[in-house]
Amino acid sequence: MRYPEHIERLMQIFRKLPGVGAKSAERFCFELLQWSEAKIHEFTSLIEDLPKKISACPSCGALFQEGICNFCNGNERNTEQICLVATPKDLFLIEATGQFKGLYHVLGGLLSPFSGKHALNLEPLLKRIKDLNITELIIAFDGTLEGDASAFYIKEYFKGSSLQISRLAFGMPAGSLLEFAGEGSLAQSMAHRREL
Ligand SMILES: [Zn+2]
C-alpha cells in the first residue's frame with residue numbers, strides 16, 4: 001500500500017467512474033485534500049442527495065428533480081411522436097439539440113448479443129403508443145452493433161402496425177456513439193432521420 005488506507009479507498013471509488021484511471025484518481029484525492037471543509041461538505045451532500053432528489057419518470061423514464069416530469073406534462077410537446085432512447089443520458093443529448101419537441105421513452109438498455117441480452121421489454125412502450133395514439137416512433141440509438149440489432153428488433157416487433165418508424169441518420173461511420181456526436185451533428189441526424 002502506497003498511501004494511507006483512507007486515500008487508497010477513495011482512489012478505488014474514483015476508479016469506478018467512467019474514464020478515471022489510477023493517475024486521475026490519485027490527482028482527485030490530492031486535490032480534495034486542498035479543499036476547505038465547506039467545499040468538501042457541499043461536494044459530499046450533492047452526492048448523498050442524488051438518489052433522493054432525482055427520480056426517473058414512471059411513464060417515460062426521464063430524470064427529473066421534484067414535482068412532475070416536464071417531458072410528459074409539458075404543454076408544448078408534440079404528443080404524436082415518441083423518441084426512443086437507450087438511456088436517460090441520451091434523452092438529454094437529443095433534447096439539447098432543440099430539434100425534437102415530442103415525447104420520449106427510455107428503454108433502459110439495448111440488445112447485447114455478446115453479454116446474453118437477446119430480448120427487449122417493449123410492453124410499456126407499446127402501451128404508451130396505444131394509449132397516447134402515437135403515430136411516429138423515432139429511434140435514437142448509438143450507431144453500434146447493439147444499436148442496429150435493437151432497432152431491427154423493434155422494427156420487427158411493430159411489423160404490420162401503422163406506426164411510422166424512423167431512425168436517426170448518422171452522418172458518421174458505423175460504431176458512432178450518440179454522446180460523441182456533438183449537438184450540431186445530432187440535430188442534423190434528427191432532421192434527416194430515415195424510415196426503417
Ligand atoms: Zn415522463
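Visitor: Where is E66 found?

Guide: E66 sits in the loop between β2 (63-65) and α4 (70-73). Those labels come from DSSP runs, numbered from the N terminus: a helix is H or I over at least four residues, a strand is E over at least two. As for the numbering, residues count from 1 along each chain as its sequence is written. And keep in mind that this is a predicted model, where local features need pLDDT of at least 70 and side-chain atom pairs count only at pLDDT 80 or more, while totals for chains, interfaces and linings use all residues.

Visitor: Why does E66 count as exposed?

Guide: We count C-beta atoms, placed from the backbone: 20 or more others within 10 Å of a residue's own makes it buried, 12 or fewer makes it exposed, and in between it is partly exposed. E66 has 8 C-beta neighbours inside 10 Å, so it counts as exposed.

Visitor: What is the phi of E66?

Guide: It is near 50°, a positive value in a residue other than glycine. That's worth a second look, because most residues other than glycine have a negative phi. N133 also has a positive phi, near 55°, and lies in the loop between α6 (123-131) and β5 (136-140). N133 is exposed because it has 8 other C-beta atoms within 10 Å.

Visitor: What makes L103 count as buried?

Guide: L103 has 22 C-beta neighbours inside 10 Å, so it counts as buried. L103 is found in strand β4, and 4 of the 5 residues of β4 are buried.

Visitor: Which residues is L103 in contact with, leaving aside its neighbours within four places in sequence?

Guide: They are C60, F71, C72, R77, T79, Q81 and I82. Being in contact is a rule too: the C-beta atoms of the two residues, placed from the backbone, must lie within 7 Å.

Visitor: How do you know that β3 and β4 are joined?

Guide: Strands pair if DSSP finds at least two bridges between them. Here 5 bridges join β3 to β4, which run parallel, so they pass that test. You can pick out partners: I82 has L103 as its bridge partner in β4, and N78 stands opposite G102.

Visitor: Why is β4 called an edge strand?

Guide: The open sheet has 5 strands in the order β4-β3-β5-β6-β7, with mixed pairing. The edge strands are β4 and β7 (194-195), since each pairs on one side only.

Visitor: What makes the β-α-β unit of β3, α5 and β4 right-handed or left-handed?

Guide: Point the strands away from you and follow the path from the first strand over the helix to the second: if it runs clockwise, the crossover is right-handed. The unit made by β3, α5 and β4 is right-handed.

Visitor: How do you know that the buried residues of α5 line one face of the helix?

Guide: In α5 (residues 88-97), D90, L91 and I94 are buried. Seen down the axis of α5, they fall within an arc of 105° (taken from the directions from the helix axis to the C-beta atoms), so they line one face. On the other side, K89 and A96 are exposed. The background is simple: an α-helix has 3.6 residues a turn, so residues three or four places apart point the same way.

Visitor: What do the buried residues of α5 pack against?

Guide: They pack against β3 (78-85), β4 (102-106), β5 (136-140) and α8 (183-191). After α5 comes G98, with a positive phi near 75°.

Visitor: What makes a nonpolar core, and how many residues has the largest?

Guide: A nonpolar core is a set of buried Ala, Val, Leu, Ile, Met, Phe, Trp, Tyr and Cys residues joined through C-beta atoms within 7 Å. The largest has 30 residues, and C83 is one of those with the most contacts inside it. The elements giving two or more residues to this core are β3, α5, β4, β5 and α7 (145-157). Leaving out residues up to four places away in sequence, C83 touches I94, F100, G102, Y104, I138 and A140.
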